[in-house]
Amino acid sequence: MKINLNKNLLDLEGKDLPDSNLGKLVGQLLSQSNEGDALKLWDWARKLYSGKELDLDPSDTQTFEAFIKANKSLTVLAKAQILELLTSAKV
């Protein structure tokens, strides 16, 4: 499954939030994680931060989704938009 997070975060009205990027946000959080497969998470972090898409197998998809859901630094606003992109990519 390919996931592209190179998109702006949207506010509650569906408008772009200035200077926001979901890929950069998640990339930064992945790089700061202290659990999981360091090499895999570092690779994902660098790709997302630089605007590239991720190509995830089913196991990686579960890992990525669990990371987003469990991350305490992400707000519901960001989590929901990322999870929606994951859901739409699965179709």
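Visitor: How many salt bridges does the count come to?
Guide: This is a predicted model, where local features need pLDDT of at least 70, side-chain atom pairs count only at pLDDT 80 or more, and totals for chains, interfaces and linings use all residues. Residues are numbered from 1 along each chain as its sequence is written, and side-chain values use heavy atoms, leaving out hydrogens and water. A salt bridge is a side-chain nitrogen of Lys or Arg within 4 Å of a carboxyl oxygen of Asp or Glu. By this rule, the count is six.

Visitor: Which residue meets aspartate 60 in a salt bridge?
Guide: Aspartate 60 lies in helix α3 and its partner in helix α2, so the pair ties together parts 20 residues apart in sequence. Helices are DSSP runs (H or I, at least four residues), numbered from the N terminus. The N to O distance is 2.6 Å, and the partner is lysine 40.

Visitor: Is aspartate 60 buried or exposed?
Guide: Buried means under 20% relative accessible area, exposed over 50%, and partly exposed in between (1.4 Å probe, protein chains only). Aspartate 60 has 10%, so this residue is buried.

Visitor: What kind of pair do tryptophan 44 and phenylalanine 64 form?
Guide: Rings of Phe, Tyr and Trp (its six-membered ring) pair if their centres lie within 6.5 Å; planes under 30 degrees apart are stacked, over 60 edge-to-face, the rest tilted. The count comes to one aromatic pair. Here the centres are 5.8 Å apart and the planes at 75 degrees, so the pair is edge-to-face.

Conventions. Helix = DSSP H or I, 4+ residues; strand = E, 2+ residues; numbered from the N terminus.
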